[in-house]
Amino acid sequence: MDYKKVNNALRKLSDTATKRVLCPADFVDICKSVNVCKMYYDIDLGYGRYTNPRTNKLIISNDIKDGKIILYDEGISSDLKLKYTYYYDDMEYVHAFIEFHEGIKKEDLELELDLYQFLADQMYIIVSRQNIRFMLDYAENYDIQTSIPNIYYLHRFYHLITKTIDATEYAVIFANLRNFKYINQTFGVRAGDNVMIKLAHTVIELADKEECVSRMGGDNYVFLVKKAHLNEYIEKLQNIKISGLDFLPNKSIDISFWTGISTVEDDDANIKSLVEQASVACSLGKQQLKKPVVFYDSDLAAMMAHSRNITAMFRPATENHEFVPFFQPKVNMLTGELIGMEALCRWKHDGIFIFPDQFIPVLDRQGLIHELDMTILKETCLAIRRWLDMGIEPPRVSFNISRKNLFVPDIEQKILDIVKSCNITTDRLETEITETAREDEIDRLISFLSKLKQNGMQIAIDDFGTGYSSLSLIHNINADIIKIDKSFVSALGRDSRSGVLIETIIQIADRLDMDVIAEGVETADEGRRLIDMGCINAQGYYYSKPVDFDTITDMIKNNGFKPIIS
Ligand code: C2E
Ligand code: CA
Ligand code: CA
């Protein structure tokens, strides 16, 4: 063996490995300097397994045969084959095989065997080092399930591409798959995985060389695209057909996305914030606006700033007792009698009252609404306790519970504990909750309401008629009262259909033995029409706006509004 030659060749190989991917040609020099005709490297570290999704080529270009990566293969081998092993966690692994040229026998090499061992070890170190670097790089930059780039790759890509192309030519699309869970539910999770892989490879085709598509895990994708192509992308992401699926031969599945878009307006834009902005626009479109395409613009930015403010102020405000209930009377229109009241939240901050539409939607989104609801419930119970201590018998008080509470562990018990802690009974209270059409919520809603009912609380379905499956759902929900949404009442004069709807709701309530109350009654005329249709209870500005503790206390004492004569 020519040691000097081998040594030089090894040094060259090591040097090359730091600069680029090794390929079979790099091993020729070494193998030619010794008596080797075949050299394999073990595949167990995953070397060579990964493909570059853009080029569809193996990231490491060596051939693989029988689970081994062939580093060198030239000539006919003798019977002399050596195997080199290492141990990890008490298991033996083979890291290299060397086969010698025809005619070479073990005794010929006896003196040099240690050197072959050394050679195999060195090669192992060089190849492994590169291998591990590739695996780490892959794990860091690619989505394991679909092997398309992940978000870190997109970040890096942005930094690189904007060195040569003006950043302001770009836009970011955050895309969230619509209803993917139905694919899993209908065809099974395995099939869902297949669709996801096909989809990933379909969307990646949309990008040209100067654009990037990445998967952000779950059902989210992020696209870095040229503004010039933006419309094309938006259109395509609304309708993607996936075909060639094993479980659906000759058919295709239609897939679409919720998308949020942020555009790069200056060269210093930060890619992380661009993705964040696009993501905010996307979830706003999905959750609130129900719009599949939403741009992040100055209005949305102002909304976000508002939302951040509210979130930051919330806890200190709670500790400061800034959230208080106001009370709005519920009245029997025929007799004028005060039959109940609704506790509605007000935020008293720096001497001014902030109305719920300013903060409830934010708290709901940020997962803080539960705390607010419990605060208002507690304050409401304390108010009832005060009335009783003053010798006043208040009518039943309703409080609002956001549906987010359904997923708070032990929520029913928490509510009952609050009531108990104020030393009042549950029959003094009524829970107002809006209906739901979401499958995952229905079961929870039913069990939540029945637990409260079993414990003596009244249940009202709020804003009835605004959800989509009200009529089919109402059979399953054991409620006592239906609150007709104020949008129907205010439309009474203008739109004959709303009258028909109200009448239908009243009939259904009647058949199910439930009471009805109309919200948002502002005029005697509306009251009269409602009475004619069979709804005699009302809540609305006609009687009173929501008022503070002292004012409602006077109303309870006087107990009398003017009846509406039909
Ligand atoms: P909601 O539960 O449907 O409450 C009725 C809303 O209609 C109240 O608005 C009330 O002031 C208003 N309203 C009553 N009569 C009339 C009327 O004649 N005309 C008009 N135009 N409006 C009328 P408010 O107090 O601003 O509350 C708005 C919403 O905020 C409530 O709607 C409820 O969804 C939510 N909210 C209020 N307090 C709480 C709370 O403590 N917890 C939760 N989760 N939500 C609350
Ligand atoms: Ca309500
Ligand atoms: Ca309502």
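The structure is a predicted model.

**The site around ligand 1**

The shell around ligand 1 is made up of 22 residues, and the closest are Arg-346, Asp-373, Lys-486, Glu-522 and Tyr-541. By class, the shell residues comprise 9 nonpolar, 5 polar and 8 charged. Four elements each supply at least two residues of this shell: the strands β16 (338-349) and β20 (458-464), and the helices α11 (356-365) and α12 (369-389). Of the elements involved, β16 gives the largest share, with 4 residues.

| Atom of ligand 1 | Side chain with the N or O atom | Distance |
|---|---|---|
| Nitrogen | Asp-373 | 2.6 Å |
| Oxygen | Asp-462 | 3.1 Å |
| Oxygen | Asp-463 | 3.2 Å |

Taken on its own, ligand 1 has 790 Å² of accessible area, and the protein covers 83% of it. Asp-373, whose side chain lies 2.6 Å from a nitrogen atom of the ligand, is also listed among the closest residues of the shell.

**The contact between α1 and α4**

Elsewhere in the model, helix α1 (residues 3-19) and helix α4 (residues 113-141) have axes that come within 10 Å of each other and cross at roughly 5°. Because angles under 35 degrees count as roughly parallel, α1 is described as roughly parallel to α4.

On the α1 side, the contact is formed by Tyr-3, Val-6, Leu-10, Leu-13, Ser-14, Ala-17 and Thr-18. These meet residues of α4 that include Leu-115, Phe-118, Leu-119, Met-123 and Ile-126, together with Gln-122 and Gln-130 and the arginines Arg-129 and Arg-133. Sorted by class, the residues of this contact are 10 nonpolar, 4 polar and 2 charged.

**Two residues with positive phi**

Most residues other than glycine have a negative phi. Asn-179 is not a glycine, yet its phi is positive, at about 50°. This asparagine is placed in the loop that runs between β8 (170-177) and α6 (180-187).

Asp-350 likewise has a positive phi of about 50° without being a glycine. Its position is in the loop between β16 and β17 (352-354).

Key:
Residues are numbered from 1 along each chain as its sequence is written. Chains are lettered from A and ligands numbered from 1 in the order in which they are written. This is a predicted model: local features need pLDDT of at least 70, side-chain atom pairs count only at pLDDT 80 or more; totals for chains, interfaces and linings use all residues. Side-chain values use heavy atoms; hydrogens and water are left out. A residue is near a molecule or strand if one of its heavy atoms lies within 4 Å of it. A polar contact is a pair of N or O atoms within 3.5 Å; within protein, one must be able to donate a hydrogen and the other to accept it, and residues adjacent in sequence count only if both atoms are side-chain atoms. Accessible areas come from the Shrake-Rupley method with a 1.4 Å probe; for residues, only the protein chains shown count as cover. Ala, Val, Leu, Ile, Met, Phe, Trp, Tyr, Cys and Pro count as nonpolar, Asp, Glu, Lys and Arg as charged, and the others, Gly among them, as polar. Axes are lines fitted to C-alpha atoms, for helices over the stretch in contact, and angles run from 0 to 180 degrees between N-to-C directions. Angles under 35 degrees count as roughly parallel, over 145 as roughly antiparallel, 65 to 115 as roughly perpendicular and the rest as oblique. Contact means heavy atoms within 4.5 Å.
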